[in-house]
Amino acid sequence: MFLVGIIIIIVMIYNLGWQEIITDLKKTGWWIIPIILSRLLMYPLNTFAWRSVTYYNKEEKNKVSWLRMFRLTISGYAINYITPVMALGGEPYRIMAIKKDLGTKRATSSVLTYAMMHILSHFVFWIIGFLLLFAYFLSTNLEINTYRRIILICGMVFILISIVAIIFILKAYRYGVIERFFSFLKKIPYIKNIIKKRLTPEKQQSIAETDNQFKELFNNHRRAFYTSLFYETLSRVLSCAEVMLVMWAIAGVGSIGLVQAIIINALSSLIANIIFIFPMQVGIREGGLSMALALIGGYGKLGVFVGMILRISELAWIIIGMVMIKVKRFNNKKDGK
């Protein structure tokens, strides 16, 4: 899949031409600094979202400081970016990092609850993106050609799918997640035998206790739940500033606004998540960006360039996240921990 993604990028570069890409990269210049720094609009909100589903009172918040969770948020996402296929490597890392402070079960439920909130906000964000797309077409003079008509139909269908997914996730929060997941696995041939053999009574008890913390959040701390969802969704909206700044760098300041950036981000991220098996979304992200940029105007050819700049920004934050992990390990060894 990685090789297929590389081939997709090569074909797109061949069609566009190396010279044009190099010219566009040169135009970026100092813009690369605000593009990279724009993620500082997103990561603090991710941290607030995670803390909202971890602590329910002021006394508990002293167990793990905000700055420490902020560092774990950045480094956790850095690990996710480089994890092949499902991009879930950061979750075990976060659990290991806070389990001494919160206990293994509480740390696990905290990280998994936030991971589900991250998924839930995906669907909310996609609904917002498609609704803005409909409003954008109604408010502009863009021709509704066959391509745009197909996207609009797909958008209406996916809004319905997203609503169903949101209802399903909310039910999972209400009635528990992990026990239902293992119950589902027990119905799959071959896998069910492995699950029955390894799922000891002690592990079943541990799963039940972790699940109870999921239900505790949604049923008894509804305000914390929706506060977390608000922060996480807002972080997705503000993360679109990165795409907007890239477009300003190449097409001129004001070439697109935040609304168009949200539409571009929503459509490209949807495509990337549907075809999630490509490591680091190689080729798929660039293709999704080209489709989204073509949809809102004549910017389709800039998809490869936008994708390259976003990858440079992503690489910068991967390095920052990895450095944070290494610095923490160094300090722990220095302190004899």
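**Fold and contacts**

Visitor: Of the contacts in the protein chain with a separation of 6 or more, what percentage comes from residues 24 or more positions apart?

Guide: This is a predicted model: local features need pLDDT of at least 70, side-chain atom pairs count only at pLDDT 80 or more, and totals for chains, interfaces and linings use all residues. Residues are numbered from 1 along each chain as its sequence is written, and side-chain values use heavy atoms, leaving out hydrogens and water. A contact means heavy atoms within 4.5 Å. Among contacts with a separation of 6 or more, the share from residues 24 or more positions apart is 72%.

Visitor: How many helices does the protein chain have?

Guide: Helices (H or I, at least four residues) and strands (E, at least two) are DSSP runs, numbered from the N terminus. The chain has 0 strands. The helix count is 16.

Visitor: What percentage of the 337 residues is buried?

Guide: Buried means under 20% relative accessible area, exposed over 50%, and partly exposed in between (1.4 Å probe, protein chains only). Applied to the 337 residues of the chain, that cut-off gives a buried share of 49%.

Visitor: Which arginine is in contact with Ile 98?

Guide: Leave aside neighbours within four places in sequence. Ile 98 then contacts residues including Trp 50, Val 64, Leu 72, Ala 107 and Val 111.

**Salt bridges**

Visitor: How many salt bridges does the structure hold?

Guide: Side chains of opposite charge can pair when their charged atoms come close. A salt bridge here is a side-chain nitrogen of Lys or Arg within 4 Å of a carboxyl oxygen of Asp or Glu. The count is 3.

Visitor: Which residue is the salt-bridge partner of Arg 39?

Guide: The closest N and O atoms of this pair are 3.0 Å apart. Arg 39 lies in the loop between α3 (32–37) and α4 (43–52) and its partner in helix α13, so the pair ties together parts that are 203 residues apart in sequence. Arg 39 counts as buried because its relative accessibility is 8%. Its partner, also buried, is Glu 242.

Visitor: Which residue pairs with Asp 101 in a salt bridge?

Guide: Asp 101 is in helix α6 (residues 90–102) and its partner in helix α5 (residues 66–82), so the bridge ties together parts that are 33 residues apart in sequence. Asp 101 counts as partly exposed because its relative accessibility is 30%. At 2.8 Å between the closest N and O atoms, the partner is Arg 68.

Visitor: In which helix do Glu 91 and Arg 94 both lie?

Guide: Their side chains meet in a salt bridge at 3.5 Å, N to O. Glu 91 and Arg 94 are both buried. They sit 3 residues apart, about one turn of the helix, in α6.

**Around α13**

Visitor: How many of the 11 residues in helix α13 are buried?

Guide: Helix α13 spans residues 241–251 and is mostly covered. Its buried residues include Glu 242, Val 243, Met 244 and Ile 250.

Visitor: Which cysteine does Asn 265 touch?

Guide: Asn 265 is in helix α14 (residues 258–274). It counts as buried because its relative accessible area is 15%. Beyond four places in sequence, Asn 265 touches Phe 125, Arg 236, Ser 239 and Val 243, along with Cys 240.

**Cysteines and surface**

Visitor: How many disulfides are there?

Guide: A disulfide is a pair of cysteine sulfur atoms within 2.5 Å. Cys 154 is partly exposed at 44% relative accessible area, whereas Cys 240 is buried at 0%. The disulfide count is 0.

Visitor: What is the area of the nonpolar surface patch made by Ile 153, Met 156, Val 157 and Ile 161?

Guide: Patches take residues with over 30% relative accessible area and no salt bridge, joining like charges within 9 Å and nonpolar side chains (Val, Leu, Ile, Met, Phe, Trp, Tyr) within 5 Å. Met 156 lies in helix α8 (residues 146–175) and is partly exposed at 47%. Accessible areas come from the Shrake-Rupley method with a 1.4 Å probe, and for residues only the protein chains shown count as cover. The patch covers about 360 Å².
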